[in-house]
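Take a look at the structure below with both in mind.

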Amino acid sequence: MNEVVSFFSTTIRLAAPTLLAALGIVFSERAGIVNIGTEGMMLVGALAGVIGSYVTGSAWLGMLIAVFVTVLFSAIFAYFTVVVKADQTVIGTGMNLLASGLTITVNRALFGASTSPPEIDSFGIVAIPGLSSIPIIGPIFFNHHIIVYLTFILVPIAQFVMFRTNIGLKVRSVGENPKACDTVGIRVGLTRFLSILYSGVLAGMAGSFISMGMVSFFTEGMIAGGGFIALAAVVFGNYTPRGVMLSSLVFGASNSLMYRLQALATNIPSQFLLMIPYVITIISLCIVSRKSNKPLGSGKPYIKE
Amino acid sequence: MTTILEMRNITKRFGSVVANDDVSFSVRKGEVHALLGENGAGKSTLMNILFGLYEQTSGEILYKGETVNIRSPRDAINLGIGMVHQHFMLIPAHSAIENVVLGYEGNAAVLDLKGAAQRFTEMAERYHMNIDPWELVSNLSVGQQQRLEILKALYRDVETLILDEPTAVLTPQEVDGLFEVIRQLIAEGKTVVFISHKLPEIREICDRCTILRRGKVTAAGLEISEIKDLNELARLMVGHEVELVTEKTLSEPGDVVLNVENLNYTNDKGIHVLKDVSFDVRAGEIVGICGVDGNGQSELIKCLTGLLPATSGKIELMGNDITGSSPKEILKQGIGHIPEDRHAMGMVGQMNLRENIAMVDGHDEPYSSHGFMHWKWIDDFSRKLVAKFSVKTPSIMEKAINLSGGNQQKLVVGRELSREANLLIAVHPSRGLDIGATKYIQSQIVEARDRGVAVLMVSTELDEILEIPDRVLVIYSGRILACLDQCDCTRSGLGLLMAGIEDDSEEQTA
Amino acid sequence: MEGLSIKQRFQETLKSVYFPFVAIVVSLLFGSVVILATSSTSPLTAYGHMLKGAFGSIAAFDSTLIKAIPLIFTALSFSLARRSGIINLGAEGQFMMGALAATAVGVATPNLPAIIHLPATLLAGFLGGALFGLITGVLKVKFGASELIITIMLNYIAKELISYFVNGPLMDSASSSYPQSAPMEPSARLYKFIPGLNVHTGLLIALAFIFLYYFFLWKTTAGFDMRVVGFNPSAGAYAGMSIGRSTILALFLAGGLAGLGGCIEIIAVQGRLMMTSFAVPYGFTGIAVALLGNLNPLGVLFSGILFGGLSAGALRMEVMTRDVSSSVAVVIQALIILFIAGRQMFAFKRRYRYRPSSEKRKGKTVVDDATEDESPTVQATAGEGE
């Protein structure tokens, strides 16, 4: 029984950073931006959070700083894709490489290349009084980091914003048919720019949650494809916040399964276990790609005549 | 009547191209004012300036007597100017009501779609345009989409409505419906600018007209009622007396080249797009397929050329069954294909002319052998082709995108005619071209017929259909409704058929 | 080229050099900001060391060339796929798989004559990468899955596979605690060929493949098909070409090119397979090389050497300055990608090409042109017509 509880609890915990980042991507994707650069944004957020926490002594302030820095970083992506109208995929790839280079450089400059990581404040587990003591349910759902709760609370909010509000309608429309939006007075570029910044906010939170919640240090390239998996979660979740939650849970479960199997010390080499999340991601993409809600204007810059 | 809108001395340059040259345009309140001109005359450019999509290089706009600065569609809408674009500005994935409220300034942060739908429905009923506000736009017919566009503008309380080539996609009967709406709008004191190049329509619905030719005004504010002869308008529009008829002798049909029997096609959404289509095309004749866009023409051609798999039925080319063959196999059997959209299919803009010429037969000798391209031979051939079909280009190494639309189409037509096919499929061969290029391409098609090629031509332009084909098939909703000899074709008769009305006695509404 | 005057040709050449030049200069400027912010060394000193380490002496140029070789292969990999309309972000993994397959052949069969063993090893390297590329191609064609995420996921999978093999089946029995393969058999290795220089015959292979890349794309029917499909898939289908076949072939060949790069890196430079063999992100740097070279064969050669110099120089820079991290080179590479992809921002003015007639043009096509790699100026023509 403990095994099962632990499996589900870990699933939820591991799903959280993917979900958090994906809830940002789902808005920028709906706005017509293929945000390959999420991986880099999360990486920047992870380092900025650690530095922020190290300097201020508070994980929360660290996350605030991470969000600020990541938004600045995502503004570069937004500038190139929306203002300069360059190829989104190529710019996204450049952003990932930039994030990789910058975080390594800054991390080495601040903390040295080989010394042990600095002591920082990180997020602890907050058990919800009362609810967490319910057997089985409690430890699975109500014994997590605050960020995990916030992430899941954000899902219905995002769903509501996307489908019930004026802003949501604008975001969904600029991704489908930017020209039509232009003719009714919507500022396509601004909407897309802000969608990217918003995805930057959540990517920054997700990245810093990884470096200050899942662990409490930064290592080079520590996101290890998490940004791409979040991107895949958006495709697998068919571009809705609710769907993204389900797909993130699937990916979380595949990670959780990997840890379970590692702990069980089976004969399967650990490397094959480590591949599980990546393989699951590929399989999930193959399942949904033919019938997705992908916005019609996805990936194409809008060039006003 | 007072002047509501005045555009003074508008000039619009795109680089070295002058799209509008010192154009002045004045519209009175409560009239239907036609803006007339050929494709490329600058009509849409002028209206896009008025609607805030383009910014004029020089000139000023007065609305209700005041100089206005229209920088975006929002400014135009706030002034009370609405526009229904030729290509609808709708989002297929959204419901009708979402499209209506999109960008509406009165929206609350949290949308009240129910309230909006109620207001929308009342308005729609007032104009007898019934559309379910909750239906997805992708499920609406073209006519319904146009009505939705008009309602979208009216929802914003516009006083002046610009309609950009509104009848291009409608059946004659739908056109009548549109005219009813326009009359009602005028009765309510609104003003309509009606862009078109179809003279009869202009005479029917418009009060005055302004004519543009090559970006300049050739006639301003003519009273339609005072015009006796439509040829006079035509002359103002195209500049010179137009030879309206492509010369053509009677056809001498030979053997059957293409035979289609009970062809059916159901698309991946489960829609039965082609229903039991049967017809044949003989050597030395032109068979025209006429119908409103979206009635299965595209799918029919794609089935014939192997780009879509027929669900059932049989296609025979020169007696060989080609049903289910790959596009490559079918091309090899001798089909020339001028595709419906040259930019999307017929050519590669970023490649040069010789590469575009080698595109279709590149795998065959003498274009190539054993997998290697023979560019020397292709160069010689390309030069000859370019000369023969008078494609204006500095060189065969020029990228196709740098050619004008007419020359691009000549290139595609030249390539397909040079392939010496038994069957030529020409889809909208003159779409978007000026009269000169249109006539040239039509005459080339007729010449091919005279050489004994079987020609299947798809067109939505009644003028073209009445003139070029020897036999006309009318397609409606995926079904061939009639097969007529050219001499039996009349504008009104075809119009009714295009609207799906087979016989006057058993009237069905479209 | 036919129909171009000498002046036009000169302008064309100038144009093709202008954007890369500006992109490099601007990237170095931003890079110097990073150096200023993270070290106490002046950027000029740092770049001076970098330049010396890259092109300052014959020995430096020698090491630059050695570093350029794998980059040329990954850049050809990206370029070939891009020309077929595919973004191959998987050169990283394909490179590793090429290295892995080559190692398997290179260590497993002693006592083979080099004339058999070496080609077999090279072929294994090519196939290792190609099969990995093929996976992406098949999944893309069969399921319509985006190659972007799939190639990235395969990169991580490749890394785990390498880790598994150097810790398991391919682990060197002589150094049982260290995760590395046995050294490559001498018969499966590439050697120096110029006295006094370390550069190996892999350079000749790279040059040969640059030529093959050109020959394939521009002189063969299969390459022609690929370019047509890459520019306009609907036109390709209309002309009877198979888009699926072209996509799969492109990814197979692109994977093979990257794999061959990985193979050569192991058999000529590293000598054996280790986890640290892939410390430099050759795959991703290859994207920068390809873009800077505008997907052209000669462009890839020159930008490959330039980036080889950047890598070689960065090492010297780190050693000499002690406080400037060689990862600054990665930052500069990334910036070059951004500024090349966004080169429109450096255009002097909006250029409009004259068009004999202002006939209607489809907006959709115009938008597509703007994102096309070869012609940065097309975008500005989008405003024409009605």
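This report covers salt bridges and then cysteines.

## Salt bridges

The model is predicted. Side chains of opposite charge can pair when their charged atoms come close. Over all chains, the count comes to 33 salt bridges.

| Pair | Closest N to O |
|---|---|
| Arg208(B) and Glu31(B) | 2.9 Å |
| Lys332(B) and Asp364(B) | 3.7 Å |

Start with Arg208(B) and Glu31(B), whose closest N and O atoms are 2.9 Å apart.

Next come Lys332(B) and Asp364(B), paired at 3.7 Å between their closest N and O atoms. Lys332(B) belongs to helix 10 (residues 327-332) of chain B, and Asp364(B) to the loop between helix 12 (353-358) and strand 17 (368-369) of chain B, so this pair links parts that are 32 residues apart in sequence. Lys332(B) is exposed, with 56% relative accessibility. Asp364(B) is partly exposed, with a relative accessible area of 23%.

Arg449(B) is in helix 15 (residues 435-450) of chain B. Asp470(B) is in the loop between helix 16 (462-467) and strand 21 (471-476) of chain B, so the pair joins parts that are 21 residues apart in sequence. Arg449(B) is buried, at 2% relative accessible area. Asp470(B) is buried as well, at 11%.

Salt bridges can also share partners. Which residues do they join into one network? Asp361(B), Arg415(B), Glu416(B) and Arg419(B) are linked in this way.

## Cysteines

A disulfide is a covalent bond between the sulfur atoms of two cysteines. How many disulfides are there over all chains? The count comes to 0. Cys206(B) gives an example: its nearest cysteine sulfur, that of Cys209(B), is 7.7 Å away. Cys206(B) is buried, at 6% relative accessibility. Cys263(C) is also buried, with a relative accessible area of 0%.

Key:
Residues numbered from 1 in each chain as written. Chains lettered and ligands numbered in written order. Predicted model: local features only at pLDDT ≥ 70, side-chain atom pairs only at ≥ 80, totals over all residues. Heavy atoms only, no water. Salt bridge = Lys/Arg side-chain N within 4 Å of Asp/Glu carboxyl O. Helix = DSSP H or I, 4+ residues; strand = E, 2+ residues; numbered from the N terminus. Buried < 20%, exposed > 50% of the residue type's maximum accessible area, 1.4 Å probe, protein only. Disulfide = S-S within 2.5 Å.
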